[in-house]
Amino acid sequence: MSSAAEPHGHETEAAHGGHHTNYVKIWGILVVLLVVSVTGPMLEIRIVTLLTAFGIAIVKAYLVAKYFMHLDIEKPFVVKLLVVCLGLMMLFFAATAPDIMKHWGANWRNESAKNANIPEAHHEAAPAHGEAAPAAAAPAPGAAPAR
Amino acid sequence: MVKPIATLRSASGVPTGRLALWWVIASEIVIFGGLLGSYLLHRLGHPEWSTYASHTNTWAGAFNTLVLLTSSLSAVLGHKAAEAGDGKKAAKMLMFTCLGGLTFLVVKGFEWTYEIQHGYTITANGFWSFYYTAAGLHGLHVIAGCIIMLFVAADARKNKELQRVELIGIYWHFVDLVWIFLFPLLYIAK
């Protein structure tokens, strides 16, 4: 059992000013970023959507990890551990991306994936993907209009 | 007063309890990372998925993001209170965080009910399979976090095991982080 005043947090927190962080201010910044990430894509400009939706998600994640999870004052090996896991994730992505995103190569062709990207061929391609045909190009029967 | 073993053993320089939590989070990165990486690959390979994504409710997703960000704030304020030895305040903050988790789940419940009633089920197509799997797995983490938080808050109220307030807080921030990426992937990219 620990006593009330027993130190149990980050040993170097005071030195790094960890608890002098204005958490409400960080929350305010996160909310502003959320508003931007929702309103940005309304302009329907691809690059703006990418920057506001995904760019801002990275900034929000950075703020949460740094100030709320206190990763900035955690032991460096913990950060390295998390970075290695992120690296493994990217390795998985890079290793499988050519097979899934490219539909043909020197000695192979992925006809079903290729057909899935041709709107007219959706109904033929859907079963090959193990997908139910309904909402391929149009909403399922009885579906509500896009919200 | 006997100190909890989770705060005493620290061969790595990090108390055992917190080190264990970082390992949990490291493994969660691989779980969610693999899932979201697969989704991204399929999404890039199937431009028609944007048609399906247009049926997700952006406002419900945005509201839930606000709820999780706010609950993260209360979690970190709970940690701050625990550091100061104020168990009662820490417990109060954790209960507020838990309320955020509950609100998130209720909104998700309404959202899923609407979508399922309109034919957008997990078997409708690849997009909806990923949607329900990713959001469902995340929802399970929210439920687990809320349950654990109730136990931690009960102890914290009696000024016991205050180090656990920080641990559940870090876990909750991770759940928030995952949603920060799920939100644009499932609700905004249309």
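Helices here are DSSP runs of type H or I with at least four residues, and strands are runs of type E with at least two, numbered from the N terminus. Counted in that way, chain B has 7 helices and 0 strands. Please keep in mind as you read that this is a predicted model.

**The two chains**

Reading chain B from its N terminus gives the order α-α-α-α-α-α-α. Chain A holds 6 helices and 0 strands, and its elements follow one another as α-α-α-α-α-α. The table sets out some overall values for each chain.

| Chain | Residues | Buried share | Accessible surface | Share from carbon and sulfur |
|---|---|---|---|---|
| A | 147 residues | 35% | about 8600 Å² | 69% |
| B | 190 residues | 61% | about 7100 Å² | 72% |

Contact range is another way to look at each fold. Take the contacts in chain A between residues at least 6 apart in sequence: 35% of them join residues at least 24 apart. For chain B, the share of such contacts that join residues at least 24 apart is 76%.

**Two helices with a bend**

Let us begin with H4 of chain A, which covers residues 76–101. This helix has 26 residues, and the distance from its first C-alpha to its last is 36 Å, close to the 38 Å expected at 1.5 Å a residue. A kink of about 30 degrees sits at Ala95(A), shortly before the proline Pro98(A). The buried residues of H4(A) are Val78(A), Leu81(A), Leu82(A), Cys85(A) and Ala97(A). What do these buried residues of H4(A) pack against? Their partner is helix H2 of chain B, residues 16–45.

Now turn to H7 of chain B, which runs over residues 163–188.

Most residues other than glycine have a negative phi.

His70(A) is found in the loop between H3 and H4 of chain A. Its phi is near 55 degrees, a positive value in a residue other than glycine. Is His70(A) buried or exposed? With a relative accessible area of 3%, His70(A) is buried, because that value falls under the 20% cut-off.

In chain B, Asn159(B) lies in the loop between helix H6 (126–157) and helix H7. Asn159(B) is not a glycine either, yet its phi is positive, at about 60 degrees. Its relative accessibility is 26%, so Asn159(B) counts as partly exposed, a class that lies between the 20% and 50% limits.

Which residues make the nonpolar surface patch of about 490 Å²? The patch is formed by Leu43(A), Ile45(A), Ile47(A), Leu50(A) and Leu51(A). One of these, Ile47(A), belongs to helix H3 of chain A, which covers residues 46–68. Ile47(A) has a relative accessible area of 54% and is classed as exposed, because exposed means over 50%.

Key. Residues numbered from 1 in each chain as written. Chains lettered and ligands numbered in written order. Predicted model: local features only at pLDDT ≥ 70, side-chain atom pairs only at ≥ 80, totals over all residues. Heavy atoms only, no water. Patch = residues over 30% accessible without salt bridge, like charges linked within 9 Å, V, L, I, M, F, W, Y side chains within 5 Å. Areas by Shrake-Rupley, 256 points an atom, 1.4 Å probe, with all protein chains shown as cover. Salt bridge = Lys/Arg side-chain N within 4 Å of Asp/Glu carboxyl O. Buried < 20%, exposed > 50% of the residue type's maximum accessible area, 1.4 Å probe, protein only. Contact = heavy atoms within 4.5 Å. Expected span 1.5 Å × (residues − 1). Bend = angle between axes of the 7 residues up to and from the residue.
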